[in-house]
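Here is a short briefing for a first look at this structure. Keep the sequence and the 3D view at hand while reading.

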Amino acid sequence: MTLRQNAAIALVAMLALGGCQRTGELDVTQGVGISAVRSACPVAGVPAGTGDITLFDPAGSREASAIDVTATLTNVRANCVEGSDVLTSTISFDVQARRVRTDAARQVTLPYFITVVRGGTQIVSKRIGQVTLDFPAGAARASAQGQGTAIVDRSAATLPRETREQITRRRKAGDQDAAVDPLSDPAVRQAVLAATFEAMVGFQLTDDQLKYNVTR
């Protein structure tokens with residue numbers, strides 16, 4: 001079980017009572033603590049190592065003195081529209097950049113990706129876009145906004161009825177299985193993972209750029 005899979009399960013465990021209670025409501029009747037609402041919309045995030053990009057001049061150098069432009073992808077936001085058949089999540093984000101040489105105006109275009117991941121590991125779709133930064137003459141900093149769309153099949157992101165019933169079944173103190181986590185059942189864990197989607201956005205890095213981010 002990978003770290004991302006564990007995180008996905010932990011998230012859905014916290015959100016698994018979708019449609020049953022209000023967010024944060026204390027369920028005294030069931031005696032199982034805090035209930036929360038599970039959304040079928042994909043959770044937006046930035047994969048580790050892809051939120052920064054560094055351009056060098058000359059391009060083959062990795063010396064600090066050769067750093068040309070650095071940029072960070074930040075402030076990721078998701079606006080999800082739940083249709084009857086598909087979930088359409090519009091992902092927007094900001095790019096903050098800094099350059100070393102500021103003598104002339106310059107335009108820098110950076111590639112980024114938006115990918116839909118199922119169950120923490122399975123890539124369902126991937127789209128490549130570009131964001132352009134305009135540095136005025138004399139300016140060391142520039143910013144821009146990017147946007148993309150992630151589409152998820154609603155039926156795939158919906159927990160099966162049997163799984164929902166097993167997770168949300170009322171349990172009272174003293175019941176034999178009152179203290180048993182439903183997600184300890186491998187079948188339930190797998191069903192939760194299969195219905196968990198993420199919309200991941202990051203810079204489209206080369207192998208060398210990714211290696212630099214990971215090892216710097």
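A residue counts as buried when its relative accessible area is under 20%, as exposed when it is over 50%, and as partly exposed in between. C41 has a relative accessible area of 13%, so C41 is buried. The model is predicted. Its chain has 216 residues, and 38% of them count as buried.

**Overall layout**

- The secondary structure of the chain comes to four helices and 10 strands.
- Read from the N terminus, the elements follow the order α-β-β-β-β-β-β-β-β-β-α-α-β-α.
- Take the contacts between residues at least 6 apart in sequence: 65% of them join residues at least 24 apart.

**The disulfide**

- The count of disulfides is one.
- The bond joins C41 to C80, with 2.0 Å from S to S.
- The angle about the S-S bond is -85°, and the link of C41 and C80 is left-handed.
- The pair links distant parts of the chain, 39 residues apart. C41 sits in the loop between β2 (33-34) and β3 (43-45), while C80 belongs to strand β5 (residues 67-82).
- Are the two cysteines buried or exposed? C41 is buried at 13%. C80 has 25% relative accessibility, so C80 counts as partly exposed.

**The antiparallel sheet**

- Four strands make an open sheet in the order β4-β5-β6-β9, and their pairing is antiparallel.
- β4 and β9 (141-153) stand at the edges. Each has a single partner strand, so one side of each has no neighbour in the sheet.
- From one strand to the next, the twist averages 25°.
- β5 and β6 pair in the antiparallel sense over 12 bridges. Across this pairing, V69 stands opposite R99 in β6.
- Helix α4 packs on the sheet and touches β4 and β5. The direction of α4 makes about 115° with that of β4.

**The mixed sheet**

- Another open sheet of four strands has the order β3-β10-β7-β8, with mixed pairing.
- β3 and β8 (122-135) are the edge strands, and each pairs on one side only.
- Neighbouring strands here are turned by 20° against each other on average, direction ignored.
- β3 and strand β10 (residues 197-203) run parallel and are joined by three bridges. G45 has M200 in β10 as its bridge partner.
- As a general point, strands of a sheet pair through backbone hydrogen bonds, either parallel or antiparallel.

**Aromatic pairs and a charge over a ring**

- How many aromatic pairs does the structure hold? The structure holds two.
- F56 and Y212 form an edge-to-face pair, with 5.2 Å centre to centre and 85° between the planes.
- This pair links distant parts of the chain: F56 is in strand β4 (residues 52-56) and Y212 in helix α4 (residues 207-215), 156 residues apart.
- F56 has a relative accessible area of 10%, so F56 is buried.
- F93 and Y112 have ring centres 4.9 Å apart. Their planes stand at 75°, so this pair is edge-to-face.
- F93 lies in strand β6 (residues 86-99) and Y112 in strand β7 (residues 106-118), so the pair ties together parts 19 residues apart in sequence.
- F93 has 0% relative accessibility, so F93 counts as buried. Y112 is buried too, at 8%.
- K126 lies over the face of F113, at 5.1 Å from the ring centre.

**Backbone details**

- Most residues other than glycine have a negative phi, and most peptide bonds are trans.
- Which residues does a cis peptide bond join? The cis bond joins D57 and P58, with omega about 5°.
- P58 lies in the loop between β4 and β5.
- N75 is a residue other than glycine with a positive phi, near 55°.
- N75 has its place in strand β5. Its relative accessibility is 42%, so N75 counts as partly exposed.

How values were computed:
Residues are numbered from 1 along each chain as its sequence is written. This is a predicted model: local features need pLDDT of at least 70, side-chain atom pairs count only at pLDDT 80 or more; totals for chains, interfaces and linings use all residues. Side-chain values use heavy atoms; hydrogens and water are left out. Rings of Phe, Tyr and Trp (its six-membered ring) pair if their centres lie within 6.5 Å; planes under 30 degrees apart count as stacked, over 60 as edge-to-face and the rest as tilted. Helices (H or I, at least four residues) and strands (E, at least two) are DSSP runs, numbered from the N terminus. Buried means under 20% relative accessible area, exposed over 50%, partly exposed in between (1.4 Å probe, protein chains only). A charge sits over a ring if NZ of Lys or CZ of Arg is within 6 Å of the ring centre and within 35 degrees of the ring normal. A disulfide is a pair of cysteine sulfur atoms within 2.5 Å. Two strands pair if DSSP finds at least two bridges between them. Axes are lines fitted to C-alpha atoms, for helices over the stretch in contact, and angles run from 0 to 180 degrees between N-to-C directions. Contact means heavy atoms within 4.5 Å.
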